[in-house]
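Colleague: I would like to learn how to read the features of a model such as this one, beginning with the overall layout and ending with the aromatic rings. Could we go through them in turn?

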Amino acid sequence: MKFCSNCGHTVVLKTPDGDNRVRCVCSHCGTVHYTNPRNVVGTIPTWHDRILMCRRAIEPGYGLWTLPSGFLEEGETTREGAARETLEEAGAQVSVGELYAIAEVRQIHHVYLFFIAEMHGPDIARGSESLEVCLFEEGEIPWEAIAFPAIAQTLRRFVQDRSSSRIRCRNFRVHMMEIEGSLDVEPRP
């Protein structure tokens, strides 16, 4: 940030009085500009034993597979945002259930929230951010082409929990994950 969104003057980096972090502070009006992590909301949408995934049509991760997810918008709940992203990216209507995973990616300031979701039907359609969408059986998941570590770890845990019947019995705890690395794209083999 170079200019104050309040008055338009330049900002400087300094620790405001009573704070413990360096912030952007307006040199004219004194407004402190806080930057906070961005929330990414998404679903693990299922239709019977299949998992809905999207192949990305945008960077980062162009051409790689992901779960439907994106940034939470102002004025919507996390569940509403997750359902919206699923509809926008995969054309699927879902009932958003319980929170399944929280993945913190400190290096890029993102917090992912993934919800279990049941599709209303098998109808899917690629959105403008997807090259294609597909319902995968567990053995068909393109593990070598997953876009982001947070997606890969969430999917691995979901498949494991589902195979042990924890999902069907709702006998799972919310998975808390800290994702390390400087990039948010899964390395390609």
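Modeller: Helices (H or I, at least four residues) and strands (E, at least two) are DSSP runs, numbered from the N terminus. On that basis the chain has two helices and 11 strands, and its elements follow the order β-β-β-β-β-β-β-α-β-β-β-α-β from the N terminus on. This is a predicted model, in which local features need pLDDT of at least 70 and side-chain atom pairs count only at pLDDT 80 or more, while totals for chains, interfaces and linings use all residues. Residues are numbered from 1 along each chain as its sequence is written, and side-chain values use heavy atoms, with hydrogens and water left out.

Colleague: What share of the 189 residues of the chain counts as buried?

Modeller: Buried means under 20% relative accessible area, exposed over 50%, and partly exposed in between, with a 1.4 Å probe and protein chains only. Of the 189 residues, 43% count as buried, and the C-alpha trace spans about 60 × 35 × 35 Å along its principal axes. With contact taken as heavy atoms within 4.5 Å, residues 24 or more positions apart account for 61% of the contacts in the chain that have a separation of 6 or more.

Colleague: Is His-48 buried or exposed, and where is His-109 found?

Modeller: His-48 has a relative accessible area of 63% and is therefore exposed. His-109, also a residue other than glycine, has a positive phi near 65°, and is found in the loop between strand E8 (94–105) and strand E9 (110–119).

Colleague: How many aromatic pairs are there, and how should I read them?

Modeller: A pair of aromatic rings is described by the distance of the centres and the angle of the planes. Rings of Phe, Tyr and Trp (its six-membered ring) pair if their centres lie within 6.5 Å, and planes under 30 degrees apart count as stacked, over 60 as edge-to-face and the rest as tilted. By this rule there are three aromatic pairs. One of them joins Tyr-100 and Phe-158, whose ring centres are 5.7 Å apart and whose planes stand at 85°, so the pair is edge-to-face. Because Tyr-100 lies in strand E8 and Phe-158 in helix H2 (residues 149–163), this pair ties together parts that are 58 residues apart in sequence. Tyr-100 is buried at 0% relative accessibility, and Phe-158 is buried with a relative accessible area of 2%. Another pair is that of Tyr-112 and Phe-114, with ring centres 5.9 Å apart and planes at 15°, so the pair is stacked. Tyr-112, at 3% relative accessibility, counts as buried, and Phe-114 counts as buried at 0%.
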